[in-house]
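This briefing is meant for a reader who is meeting the structure for the first time. Please look over the sequence and the model before reading the notes on the sheet and the helix that follow.

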Amino acid sequence: MLGYIIYGDGPQKPELGERRLPGGNFVTLRMGQAAHPNGPLALHRAGKSARRLREAGVRNAVFPVDFPYTALFIRQGVCPVDTLPLRQALAAPLTRRRLEEKGIAATEAVVAVVGSRASRELLETAKSLALSYRYVLLGVRGGEEFARSLRRDYGVSLLLKPSIEQLDRADALLLFAPRSDLAQENPILYTLYPSGEAGRGRLPLCLPEALAGQLEPNCGYEQLAAALYTMGELPLEKLLSEISCSAV
């Protein structure tokens, strides 16, 4: 069960409830904003609220963007919805769209996928791109067997163990792990690892406008998008269509 935290104008005594949004049901926690959010009484109420949410079966929730008790809720076992799986799933199709918008042909584009280990998400991204582009660089340990399987099953080749210079020259660089040795000035850059959602390499997430209009102004839209995607209620194609060119 997923939670949905509402924080702002409301009762000083937190209230549990339910909310149906297009695509999913949520256990809600409504908390009024305290005059002194860090005061003993407010912290006590927040801790009690987190326990009540956890006891209702909630382990992950959509947190407001200005919520002052995120760390407290995490300590109580209620964590924000992880947006990373959705960002990783969107990386390949969004890279294709942006390369097309830049007018770079599939036979000329150079795409690099880099990580510290051959995770399922990284390999799926590399495979998707390798089926679309002639030049795909794969910088990850243990990628040899994966490259052989792609060549055997699809007749496509990957360039393994690319140099730093090759990675810096790539039209698109998709990082599944931090790399401080790279310039990261590529025309297209996505940082697809924990804490990589900040900075230039951030891959944005957007909700359909009709749904966003039903939500509180401080709702964690990106967390909600990830929650609805995980629940199977918002397809990848719909989420991709909501991301504007100016946002990336």
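A residue is called buried if its relative accessible area is under 20%, exposed if over 50% and partly exposed in between, with a 1.4 Å probe and protein chains only. The model is predicted, so local features need pLDDT of at least 70 and side-chain atom pairs count only at pLDDT 80 or more, while totals for chains, interfaces and linings use all residues. Residues are numbered from 1 along each chain as its sequence is written, and side-chain values use heavy atoms, with hydrogens and water left out.

**The sheet**
- Five strands form an open sheet with mixed pairing, in the order S2-S3-S1-S4-S5; strands are DSSP runs (E, at least two residues), numbered from the N terminus, and two of them pair if DSSP finds at least two bridges between them.
- Strand S2 (15–21) and strand S5 (79–80) are the edge strands, each pairing on one side only.

**Strand S3 and its partners**
- Because seven of its nine residues are buried, S3 is largely enclosed by the rest of the structure.
- S3 pairs with S2 in the antiparallel sense over seven bridges, and Arg 30 in S3 is the bridge partner of Glu 15.
- S3 pairs with S1 in the parallel sense over six bridges, where Thr 28 in S3 is the bridge partner of Tyr 4.

**Strands S1 and S4**
- Strand S1 (residues 2–8) and strand S4 (residues 60–62) run parallel and are joined by three bridges, with Tyr 4 standing opposite Val 62 in S4.

How values were computed. Helices (H or I, at least four residues) and strands (E, at least two) are DSSP runs, numbered from the N terminus.
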